[in-house]
Amino acid sequence: MNIFLFDAFCVLLIVAGLLIAFKKPSPRPTDRSRDNADDDPRIYARRIAGVMLMAFGLALAVIFTTFHYA
């Protein structure tokens, strides 16, 4: 039963990572000089952090579930 709770926690990490990585950028009212929102370095940092969180959750789930059933 504990492995199912741990796997549920890992699924939450994966979903949170996906939400962080692929969240739409919010408009910045103070800086209207930029036409392209993809040039914002905060977007890249959020994408990297989200994918890292997702990969961490996936790795934990695979490792611990594999060792549990081995």
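How many helices and how many strands does the secondary structure of the protein chain come to? The count is two helices and zero strands, where helices (H or I, at least four residues) and strands (E, at least two) are DSSP runs numbered from the N terminus. The model is a predicted one, so to speak of local features takes a pLDDT of at least 70 and side-chain atom pairs count only at pLDDT 80 or more, while totals for chains, interfaces and linings use all residues. Residues are numbered from 1 along each chain as its sequence is written, and side-chain values use heavy atoms, with hydrogens and water left out.

Start with the whole chain. Of its 70 residues, 19% are buried; here buried means under 20% relative accessible area, exposed means over 50%, and partly exposed is in between (1.4 Å probe, protein chains only). The accessible surface comes to about 5,600 Å², and carbon and sulfur atoms own 71% of that. Such areas come from the Shrake-Rupley method with a 1.4 Å probe, and for residues only the protein chains shown count as cover. As for contacts (heavy atoms within 4.5 Å), take those with a separation of 6 or more: 72% of them join residues 24 or more positions apart.

Helix 2 covers residues 41-69, which makes 29 residues. From first C-alpha to last it reaches 42 Å, close to the 42 Å expected at 1.5 Å a residue; the expected span is 1.5 Å times one less than the number of residues. Its buried residues are I43, G50, G57, L60 and A61, and these pack against helix 1, residues 2-21.

What does the helix 1 side of things look like? I3 sits in helix 1 and counts as buried because its relative accessibility is 10%. Setting aside neighbours within four places in sequence, I3 touches F64, T65, H68 and Y69. I3 and A61 are 58 residues apart along the chain, yet their C-alpha atoms are separated by 9.1 Å. D7, also a helix 1 residue, is in contact with A61 and T65, again leaving aside neighbours within four places in sequence. A salt bridge is a side-chain nitrogen of Lys or Arg within 4 Å of a carboxyl oxygen of Asp or Glu; for charge, Lys and Arg count as positive and Asp and Glu as negative, with His and the chain ends not counted.

Y69 belongs to helix 2 and is exposed because its relative accessible area is 52%. Together with M1 and F4, Y69 forms a nonpolar patch on the surface with about 420 Å² of accessible area. Patches are made of residues with over 30% relative accessible area and no salt bridge, joining like charges within 9 Å and nonpolar side chains (Val, Leu, Ile, Met, Phe, Trp, Tyr) within 5 Å. K24 lies in the loop between the two helices and counts as exposed because its relative accessibility is 71%. K24 and I43 are 19 residues apart in sequence and 9.0 Å apart in space, C-alpha to C-alpha.
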